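Here are my comments on the model you asked me to look over. I have kept them to numbered points so that each can be checked against the coordinates.

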Amino acid sequence: MAFKKLFMFLSMFLAWLSLGWLSSTFIFKLAGVDVTTQSFRSFRFVTIILGLCLLFLSALFYVVSHFIKEKERISKFIRCKVCGRKIPFDMVMCPYCFSDVRERKNELKEEVSGESA
Ligand SMILES: [Zn+2]
């Protein structure tokens, strides 16, 4: 679940789209299209409004992505004290060396903070 990254991506995508809409009529002008007609002026107005709306949405997504807090990843593994292998935290015995790991559960919190998923 990486909603933060998803929103960031959406924000960038919408910003890119809005850039296209905003610059489209200016690109037409560069390409040699007659931009002095009344219909073209209204078309430019519509594209600029659309571009600004998309830009606003993009900014909104960007702000939202900053307020989303990613859930901290908690390691579901502990390390066996005898053989040093990673084993699931709810194990009673180490599946590799068959040593008892029940007493290790009290130390789970210290173990978790040092490990990445
Ligand atoms: Zn072991």
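This is a predicted model: local features need pLDDT of at least 70, side-chain atom pairs count only at pLDDT 80 or more; totals for chains, interfaces and linings use all residues.

1. The protein chain holds three helices and two strands, and, read from the N terminus, its elements follow the order α-α-β-β-α.

2. Of the 117 residues in the protein chain, 9% are buried. When contacts are limited to residues at least 6 apart in sequence, 51% of them join residues at least 24 apart.

3. Helix H1, covering residues 3-31, packs with helix H2, covering residues 38-67, at an angle of about 165°, and the two axes lie 8 Å apart. Because angles over 145 degrees count as roughly antiparallel, H1 and H2 are placed in that class. The crossing of H1 past H2 is left-handed, and the contact between these helices is made up, by class, of 17 nonpolar, eight polar and two charged residues.

4. The length of H2 can be checked against its residue count: at 1.5 Å a residue, its 30 residues should span 44 Å, and the C-alpha atoms at its ends are 44 Å apart, so the two values agree.

5. Which residues of H2 are buried? They are Leu-54, Ser-58 and Phe-61, and the buried residues of this helix pack against H1.

6. Apart from neighbours within four places in sequence, Phe-7 makes contact with Phe-61, Val-64, Ser-65 and Ile-68. Phe-61 is itself among the buried residues of H2. Between Phe-7 and Ile-68 there are 9.2 Å from C-alpha to C-alpha, although they stand 61 residues apart in sequence.

7. Ala-15 also belongs to H1 and is likewise partly exposed, because 17 C-beta neighbours are found inside 10 Å. Setting aside neighbours within four places in sequence, Ala-15 contacts Leu-55 and Ser-58, and Ser-58 is one of the buried residues of H2. The C-alpha atoms of Ala-15 and Ala-59 are 8.0 Å apart in space, with a sequence separation of 44 residues.

How values were computed
Residues are numbered from 1 along each chain as its sequence is written. Axes are lines fitted to C-alpha atoms, for helices over the stretch in contact, and angles run from 0 to 180 degrees between N-to-C directions. Helices (H or I, at least four residues) and strands (E, at least two) are DSSP runs, numbered from the N terminus. Angles under 35 degrees count as roughly parallel, over 145 as roughly antiparallel, 65 to 115 as roughly perpendicular and the rest as oblique. A crossing is left-handed if the near helix is turned anticlockwise from the far one by less than a right angle, and right-handed if clockwise. Ala, Val, Leu, Ile, Met, Phe, Trp, Tyr, Cys and Pro count as nonpolar, Asp, Glu, Lys and Arg as charged, and the others, Gly among them, as polar. Two residues are in contact if their C-beta atoms, placed from the backbone, lie within 7 Å. A residue is buried if 20 or more other C-beta atoms lie within 10 Å of its own, exposed if 12 or fewer, and partly exposed in between; C-beta atoms are placed from the backbone. The expected span of a helix is 1.5 Å times one less than its number of residues.
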